[in-house]
Amino acid sequence: SEINATVKFSDGESKSVDLIWALSSGSGVLSGSIYTPAAKTETAVFIGSYTENGITKTAQFKLKVIGLSSLTLSKTTDEVVSCTKYDLDQIIVNDKLSNGATNDITLITDWKLVSGFGTLTGMTYTAPARAETAAFTANYTEAGITKTAQFRLKVIALASIKLSKATDKAQILAQYDLASNIVVTAKLSNGQTKSISGNDPNLKWTLSYGSGILSGTLYTPPERIETAILTATYTENGVAQSAQLRLKSSA
C-alpha cells in the first residue's frame, strides 16, 4: 500500500499494477507485501516483479530502517560525599537515532549499578561509608534495540587524621588540655585537608592506656611517672579515622 507501481508498454500506454515482492537483502521478514524490520539499523533492498504475456519486468526498492544509534550523557563523571545521596536524574540523557534525530529520555532511562558498595534505588544512589568510585550504566531500549552509556561517581570520604604531635610531656597531676595542645588535621580521599577544631563534637578522645583521668579533652596524669596513650577519633559522613598521642608524665 506504500508503493505505487506503474508498467509502461511499448506502444506508450501505462497502467498501475500490483507487484510481487522479494527481499534481496535485509534482516527483517517479508510476508507477501508486508515487511517487518529487524531490531537493527540497515537498508533493506527489495525486488518488485510483474509478469504479463510471458514477459517479466523488475524494479528495485530500498528501505532505510531507522533505529536507536547511541546514548549520550550530559556528564560522565561526578563526585559525592560518603553516606549522602546522589540523584542520577540530574544527568540529562539523550538518545540518538540513525538518522541523526535526538530525544531527551532522562526520565525513562533505566540505571544499573555495575560496581560499588552503595545502594541504588530507582535513580537515587546512596553512597557508602568509604571512598570508592562507583560505576553505572544508563540503559534504554527502543524498537528492540538497546543502547548503554557509562557513568562513574567518585565517593569522597575521610582518609586519615594527623596530630600536630605524636608525643608530648605533661606534669604529674597537672591537667593537659588536648584541645589547645594538639592540632588535628583531617585528610580526605581526594587529597584535600582541613583543620579540626579541638571542640568539634565529632572529635572524641579516649584513654587507650594509662592510669590517669580523661574528662572530655582534659587529661590529668596520675601521681607517678608513666606514658599514657590517648587516641583521637574523628568521624565525618559515616567514616571514622584515629590517631594516637603518647603523653609522658614527669615530676
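Pro128 touches Ser82, Cys83, Phe117, Gly118 and Val155, leaving out residues up to four places away in sequence, where contact means heavy atoms within 4.5 Å. Pro128 lies in the loop between strand E15 (124–126) and strand E16; strands (E, at least two residues) and helices (H or I, at least four) are DSSP runs, numbered from the N terminus. Pro128 is buried, with a relative accessible area of 9%; buried means under 20% relative accessible area, exposed over 50% and partly exposed in between, for a 1.4 Å probe and protein chains only. The C-alpha atoms of Pro128 and Ala232 are separated by 23 Å, the two residues being 104 residues apart along the chain.

The structure is a predicted model, in which local features need pLDDT of at least 70 and side-chain atom pairs count only at pLDDT 80 or more, while totals for chains, interfaces and linings use all residues. Residues are numbered from 1 along each chain as its sequence is written, and side-chain values use heavy atoms, with hydrogens and water left out.

Strand E16 (residues 132–142) contains Thr137. This threonine is buried, with a relative accessible area of 11%. Leaving aside neighbours within four places in sequence, Thr137 is in contact with Asp110, Trp111, Lys112, Val114, Ala149 and Gln150.

The largest nonpolar core has 24 residues, and those with the most contacts inside it are Ile161, Leu163, Ile182, Trp205 and Leu245. Such a core is a set of buried Ala, Val, Leu, Ile, Met, Phe, Trp, Tyr and Cys residues joined through side-chain atoms within 4.5 Å. Two or more residues of this core come from each of strands E18 (158–163), E21 (184–188), E23 (203–209), E26 (227–236) and E27 (239–250). Apart from this core lies another, of 23 residues, among them Leu68, Leu97, Phe136 and Leu153. Ile182 touches Leu163, Ser164, Lys165, Tyr176, Trp205 and Leu245, not counting residues up to four places away in sequence.

An open sheet is formed by three strands in the order E20-E25-E24, with antiparallel pairing. Strand E20 (176–177) and strand E24 (213–215) stand at the edges, each with a single partner strand, so one side of each is left without a neighbour in the sheet. Strand E24 and strand E25 (residues 218–220) pair in the antiparallel sense over three bridges; two strands pair if DSSP finds at least two bridges between them. Within E25, Tyr219 is the bridge partner of Leu214.

Strands E1 and E2 form a hairpin with five residues between them, and Gly12 in the turn has a positive phi of about 95 degrees. Their antiparallel pairing runs over four bridges, and Ser14 in E2 is the bridge partner of Lys8.

The largest pocket is lined by 18 residues, of which Ser1, Glu2, Ile3, Trp21 and Ser33 lie nearest its centre. A pocket is an open set of points on a 1 Å grid over the protein atoms alone where a 1.4 Å probe fits, with protein on both sides within 12 Å along at least five of seven lines; lining residues have an atom within 4 Å of a point. Strand E2 (14–17), strand E5 (34–36) and strand E7 (55–65) each supply at least two residues of the lining of the largest pocket. The second largest pocket is lined by 15 residues, of which Val7, Lys8, Phe9, Tyr50 and Lys57 lie nearest its centre.
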